[in-house]
Amino acid sequence: MSALRPHPDRLLPADPAVRAVARRLYDEVADAPILSPHGHVDAGMLLRDDSFPDPATLFVTPDHYVTRLLHANGVPLERLGVRQKRESASPDSRDAWRAFCEHWDDFLATPVRFWIESELHDVFGVDVQPSAATADELFDQLSERLAQPEFRPRALFERFRIEVLATTDDPADDLAAHRALAADPTFTGRVIPTFRPDRYLDPTAPGWAADLDRLAAASGVDCGTHAGFLDALRARRAAFASAGATSTDTGAPDAHCEPLSDADAERIHRAGLAGTATPEQGVAYRRSMLFRLAEMSADDGLVMQLHAGVIRNHHRPTFDAFGPDTGHDLPAPGGFTRALTPILERFGTSETFRIVLFTLDETLFSRDIGPLAGFYPSVYAGAPWWFLDTPAAIARYRAAVTDSAGVAKTSGFIDDTRAFCSIPARHDMSRRADAAWLAGLVTTHQLGEDEAAGIARRLVDDIPRATFRLG
Amino acid sequence: MSALRPHPDRLLPADPAVRAVARRLYDEVADAPILSPHGHVDAGMLLRDDSFPDPATLFVTPDHYVTRLLHANGVPLERLGVRQKRESASPDSRDAWRAFCEHWDDFLATPVRFWIESELHDVFGVDVQPSAATADELFDQLSERLAQPEFRPRALFERFRIEVLATTDDPADDLAAHRALAADPTFTGRVIPTFRPDRYLDPTAPGWAADLDRLAAASGVDCGTHAGFLDALRARRAAFASAGATSTDTGAPDAHCEPLSDADAERIHRAGLAGTATPEQGVAYRRSMLFRLAEMSADDGLVMQLHAGVIRNHHRPTFDAFGPDTGHDLPAPGGFTRALTPILERFGTSETFRIVLFTLDETLFSRDIGPLAGFYPSVYAGAPWWFLDTPAAIARYRAAVTDSAGVAKTSGFIDDTRAFCSIPARHDMSRRADAAWLAGLVTTHQLGEDEAAGIARRLVDDIPRATFRLG
Amino acid sequence: MSALRPHPDRLLPADPAVRAVARRLYDEVADAPILSPHGHVDAGMLLRDDSFPDPATLFVTPDHYVTRLLHANGVPLERLGVRQKRESASPDSRDAWRAFCEHWDDFLATPVRFWIESELHDVFGVDVQPSAATADELFDQLSERLAQPEFRPRALFERFRIEVLATTDDPADDLAAHRALAADPTFTGRVIPTFRPDRYLDPTAPGWAADLDRLAAASGVDCGTHAGFLDALRARRAAFASAGATSTDTGAPDAHCEPLSDADAERIHRAGLAGTATPEQGVAYRRSMLFRLAEMSADDGLVMQLHAGVIRNHHRPTFDAFGPDTGHDLPAPGGFTRALTPILERFGTSETFRIVLFTLDETLFSRDIGPLAGFYPSVYAGAPWWFLDTPAAIARYRAAVTDSAGVAKTSGFIDDTRAFCSIPARHDMSRRADAAWLAGLVTTHQLGEDEAAGIARRLVDDIPRATFRLG
């Protein structure tokens, strides 16, 4: 039964002289408040402030980072409770937790292990490694903790020093939870929505007409025409902004954005409602909508986040059995420079427009993203994301993007997580990785240590604040 | 005349504290038996156990890693004896060896230099660097060694501590050499065949009909129809399995694998036999065959190795003069995630199916291979291969793949070599590179040293054994 | 007001033992003469030898590396004087300089900062960092320096120890400045032209017919036919060669090079002159011309530099307002192996032909460029270029290319700059980066220190001299 005791200098460089610098840089920001401008926590969880039901429901079942690697190592998703509705306890939680503990070593040398070790140790005071032998003991220990008031969401929110937490929300969402939280005098955190219209962009998607009906109901604007649909989106963007939103988010298979003429857009819109739109029309409409969303951002100043290049639901049998977000969304080859030409030619130098580019294809770091962010005032280089949100990939990102874009045109860290308790660990990883990178520049005399300390502080404060217009 | 004395700590990190850890990790595996689950040594060489004829025929002429870089630096392939039949002595061997020694410094800082230095020093006891001045002396010294019984193939096989050696074989091969070796009580090594059907997959390839005749003869199954052809392959797979094979191998220009309907496949099959298949039909048939091979693997449990993305025989004049495998097979841009959808959707979660993905396009490490191996139980991340089988590329591979797939879903090292005497040097390079990588994780507190030692041991034993079902 | 005092060991590795080796390797080459086989300095500047007018005109306005990042951080190009004709003083120079100084920290951790720090300190004796507070003082101090005779171009040329400086020139250029410099007994530098025919390759480019008229006038060969056009190019290549040129340069959107038949080429040529060539014809003609240029190189032995994969003038509004080379030329995905097949199949093993491949797409380092340079005697791996001319990218290049091509098939450094005063800083950065790389190989026992010293010396002397046939 080996000890779980994360080293205070983990992720900092091994060389003693470099580590000393990295340690000082890290100490500048280790306790800084967390700005989380992009994530997937449910605002309702904070509103209700219910206890988390059990360890598996907290750490395993809803976290596709965890379930995918367990699945890759032979654990069926059923055993992990994946079919269960998220965050509701299930009779099999203890068994799911056992599966996770038995396979703990499959996470060795992965960022998931870093995050969960930090969570277990720093948040829950656990000091033994998960294993088949310790699974039950840990399940009981964690369950006991979770029942205590100081482990409820709001208490943790405060303990985590979260200053801003952005959620991701459907345009038809009424944002009641956000408004209730803002109005609640007992909760002082800032929880802001993010406008994510993905569901409405493809007129060939199943249920598109019904989705538009919901949007029309939410906005009070008829969506029977393309023009009406755009007006509905504008109305909901305004509602989001007045509920505190500062940005939008779009996940797209690619970054193409050629605008359709009004007539073509209306024709495809009608075909979509009639269920007769072709796949080619669907793609053309979706790409045109990316342009229209940029146009709206240039109008209303909501920062446009673009997460492009994902193949969703790669394994259809798993999707059919378990639904989306079950670990088989996979990276696609990317490309921003040519694809984004329509948006950048039109809005690239607009003072109100801002776009943050995220990718799963590292080849874009030095070829597309750095050079674009190094010319266009509106373009920011999004932090390494998802499969690339790791110490090694962060090092590659910094080395590849900084050369052409500098530091000020990078976005600052986003945790992009549904796993609420992993938020501090994820930001900590990023702060350590940036300190390690900066210490390398200091000790090779590419930066003064005071300059590096200034950058470290800006990366967790001014830079995300400015990029996402958090004020 | 400078000394050839490979440093005992070569490839281990420079920092003394990190090196100390790396050294301990390397010591755990330095003398471990060699599992070689993919390579190109000729089983007949071990059966005959003849002496190697001379140094050029051993080190230069048959090794396209060597001849290509000599050619790039101005040495004509003729001078290297490339036109000669492999492994037969030639009157010009001494001159070929001289050319190699004169250009020895063109290999500085390349893995070929590492391998050959290790071979010369560790296997043959050479202690001077090759050069124009030492060429003749070395030729004589090595020739003398090669004539001694302890430098015959079987003696070296034993000395190299090879536990398993997989060859690569044509489906029509009768595997007589393998059976004779297995039946020979004086040889205790395990030499197993690998089923490589590349030659039969493209119905527009010259000689396809004749090849099918050979396959029909070998299998006893008529190949006049597509269905018969599939049955013949199945019969030969069964014969390979009973001769000890645990895997198949396919080298393909790309990884597309859309299955044809039976009717379409039969029609193209007939066209291929008649010599009238179009290039488009050839591609469609070849891609469909990749699916059929996966289907067979799901049936019989032979592990499917996929080496995709090679442009064969790039320089036609060289091919016309010297034939294939003469140094101008070159990498193509790759892509697995979309291309492999048909196979993975059908067999990706099958317990019998297993596929190991190899690439020459590093962009796939973090974008395709890691994420696929990190979800699909059947997918393994193949070791860096060919142009990427180098210390620097191994470090990039580990950094890029581990984050999303962990360690257990990587394949373990494959040497993929025709150069028998380089096998220990290649495995040694891999063991050193992995020790260096792990030591970096230990000294940045991402792994405990005991955990790293466990990984080091698994990487040379359990992991290749499990990946390739070596038992 | 912080001090500007570049560290003598900047860019060398932090580890003391590795740095000691790197320092010794760097010392071998720190003061070696500069061979600059590819750049954009104006020969006329050296002929006239006028003083540089002011700091902004020297450091800011003409340098798109500088203006692009200022623009990205919100400085309008107008303020930087970009609309001004290059190298002529402007009334707003002081304000442009102020903008640059105010944004000095936006260059932190970029190579531009390294270059300009070195220039300010080493060339101009400046010892305070630029900032809003120091801008005026620096402007005055630098202006004073620039008025002194020792800061005129020829004095600096000598002080920089430039042995060879290659310019980039239009085929219709009369090379009068080059001839006058060569004939001037008071100037002993070697300034050689480079034949860059880009303007003439696309028959759909605006002004193509007029350009051909100029070429016809310059060459004395009628360009009304494709055959005449080729003869005119041959004549001008001969004139360039007799003016000292050893190489040509082509910047192309891609590397495709399928030759057209004479009849097709003539037909498109006529259509181009008539203004009726289609975009597809334009592309086909341009690609065919790449083949013809290779054919000419194989005939006359001028080294062919290929800089492929640039999207020119990405932001049309900026182009319309400010013209070309204003910071929004951007990298395109590349690919050499398949695209160059026609040229390499025909000339790849020719002794007279030589091609140096440059890319902005790093994925080509290990996939295309290393493997091609590691087989074809005619192919050289061009140094990291433009967005990749940085310490971090140089390290990636060396790690990725050397494995398959060794060192001798890399090109040696090119500075590719219009910023004359940055030439020594750029070569110095490259020498430091290579010393750092080599020291890593020495201290991991992949090279002896004497071998590394030999490589360091060859990289700044024999290798560029041989690659570019500088004699």
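**View 1. The two domains of chain A sit with their centres 29 Å apart, going by C-alpha atoms.** Domain 1 covers 52-149 and domain 2 covers 154-467, with bounds from an automatic or database domain assignment. Where they meet, 21 residues of domain 1 and 27 residues of domain 2 are in contact, meaning heavy atoms within 4.5 Å. This is a predicted model, where local features need pLDDT of at least 70 and side-chain atom pairs pLDDT 80 or more, while totals for chains, interfaces and linings use all residues. Residues are numbered from 1 along each chain as written, chains are lettered from A and ligands numbered from 1 in written order, and side-chain values use heavy atoms, leaving out hydrogens and water.

**View 2. About 2100 Å² is buried between domain 1 and domain 2 of chain A.** That's the accessible area (1.4 Å probe) the two parts lose on being put together, summed over both; carbon and sulfur atoms give 63% of it.

**View 3. Over in chain B, helix α13 runs through residues 279-300.** Its 22 residues reach 31 Å from first C-alpha to last, close to the 32 Å expected at 1.5 Å a residue, counting one less than the number of residues. Just after α13(B), B:Gly301 takes a positive phi of about 80 degrees.

Methods: Helices (H or I, at least four residues) and strands (E, at least two) are DSSP runs, numbered from the N terminus.
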